[in-house]
Amino acid sequence: TGALLLLTIACIAVAVGWTSRLAGDGRRLALGEPPAWFMRGPAEFAAGDGLPRGAFVSHVGQSAVYTYYAGPERKVFMDGRLEVASRETFRRFLEAGRLMSESDARFEDIVRLPDGSLPAVLLDANFSTGEIAGLLGMPDRWRPVFLDASGAVFLDVATAERLGLREVGR
């Protein structure tokens with residue numbers, strides 16, 4: 001009976017959201033997609049006409065959202081299916097994110113597209129705040145051109161200027 005009582009209390013705690021509040025992760029037990037969990041707005045924007053033919057999407061789990069809106073013509077730096085990417089790609093992905101967080105422009109050499117241009121950079125509002133802050137620290141090189149509750153899209157300033165896209169979110 002004690003085990004049944006504990007199991008009942010645990011089920012109630014999950015159902016009413018006590019465990020989520022305790023963990024601080026903001027999740028809730030419900031049908032459907034949690035609000036602002038997937039970067040649908042940024043991905044759809046980055047798939048628009050004239051935007052770069054590739055994207056650096058962080059965090060990895062969001063790359064499928066970009067692929068849904070932009071693929072198969074446009075490619076992501078690292079596919080979220082870890083069995084698809086090589087160990088070297090994953091290492092470079094992490095290094096680019098670290099450099100981005102430090103406002104270090106050397107990340108551009110890592111993420112550059114095969115034609116030499118720079119990709120759109122899609123950053124998740126839940127897990128990529130360091131990278132967002134890092135790119136905001138490089139206003140002469142990178143510009144936020146789309147922002148919603150789920151994330152942001154940054155373009156290099158030259159591409160943003162060519163497309164007539166103004167800075168958003170500041």
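Trainee: In what order do the elements of the protein chain run from the N terminus on?

Mentor: The model is predicted, and in it the elements follow the order α-α-α-β-α-β-α-α-β-α-β-β-α. That comes to eight helices and five strands.

Trainee: What makes the five strands an open sheet?

Mentor: Their order is E2-E1-E3-E5-E4, with mixed pairing. Strand E2 (75-76) and strand E4 (142-148) are the edge strands, as each pairs on one side only.

Trainee: Why are E4 and E5 said to pair?

Mentor: Two strands pair if DSSP finds at least two bridges between them. E4 and strand E5 (residues 151-156) have six bridges, in the antiparallel sense, so the pair meets that condition.

Trainee: Which residues of E5 stand opposite Pro144 and Arg143?

Mentor: Pro144 stands opposite Phe154, and Arg143 has Leu155 as its bridge partner.

Trainee: What joins E4 to E5?

Mentor: A hairpin does, through two residues.

Trainee: Which strands does helix H7 touch?

Mentor: Helix H7 (residues 129-136) packs on the sheet and touches E1, E3, E4 and E5. Touching here rests on heavy atoms within 4.5 Å. The direction of H7 makes about 135 degrees with that of E3.

Trainee: Where does helix H5 lie?

Mentor: Helix H5 (residues 87-101) lies across strand E1 (54-58) and strand E3 (120-124). The angle of H5 to E1 is about 75 degrees.

Trainee: Why is strand E2 counted as a strand?

Mentor: A strand needs at least two residues in a DSSP run.

Trainee: What share of the protein chain is buried?

Mentor: Buried residues make up 39% of the 170 residues. Each of them falls under 20% relative accessible area, because that is the cut-off for the word.

Trainee: What is the accessible surface of the protein chain?

Mentor: The accessible surface comes to about 9900 Å², and 59% of that belongs to carbon and sulfur atoms. The C-alpha trace spans about 70 × 35 × 30 Å along its principal axes.

Trainee: What part of the contacts with a separation of 6 or more comes from residues 24 or more positions apart?

Mentor: Such residues account for 51% of those contacts in the protein chain.

Trainee: How far apart are the mean positions of the positive and negative charges?

Mentor: For the 19 positive and 21 negative charges, the mean positions are 2 Å apart.

Key:
Residues numbered from 1 in each chain as written. Predicted model: local features only at pLDDT ≥ 70, side-chain atom pairs only at ≥ 80, totals over all residues. Heavy atoms only, no water. Helix = DSSP H or I, 4+ residues; strand = E, 2+ residues; numbered from the N terminus. Axes fitted to C-alpha atoms, helices over the stretch in contact; angles between N-to-C directions. Buried < 20%, exposed > 50% of the residue type's maximum accessible area, 1.4 Å probe, protein only. Areas by Shrake-Rupley, 256 points an atom, 1.4 Å probe, with all protein chains shown as cover. Lys, Arg positive; Asp, Glu negative; His and termini not counted. Charge placed at Lys NZ, Arg CZ, Asp CG, Glu CD.
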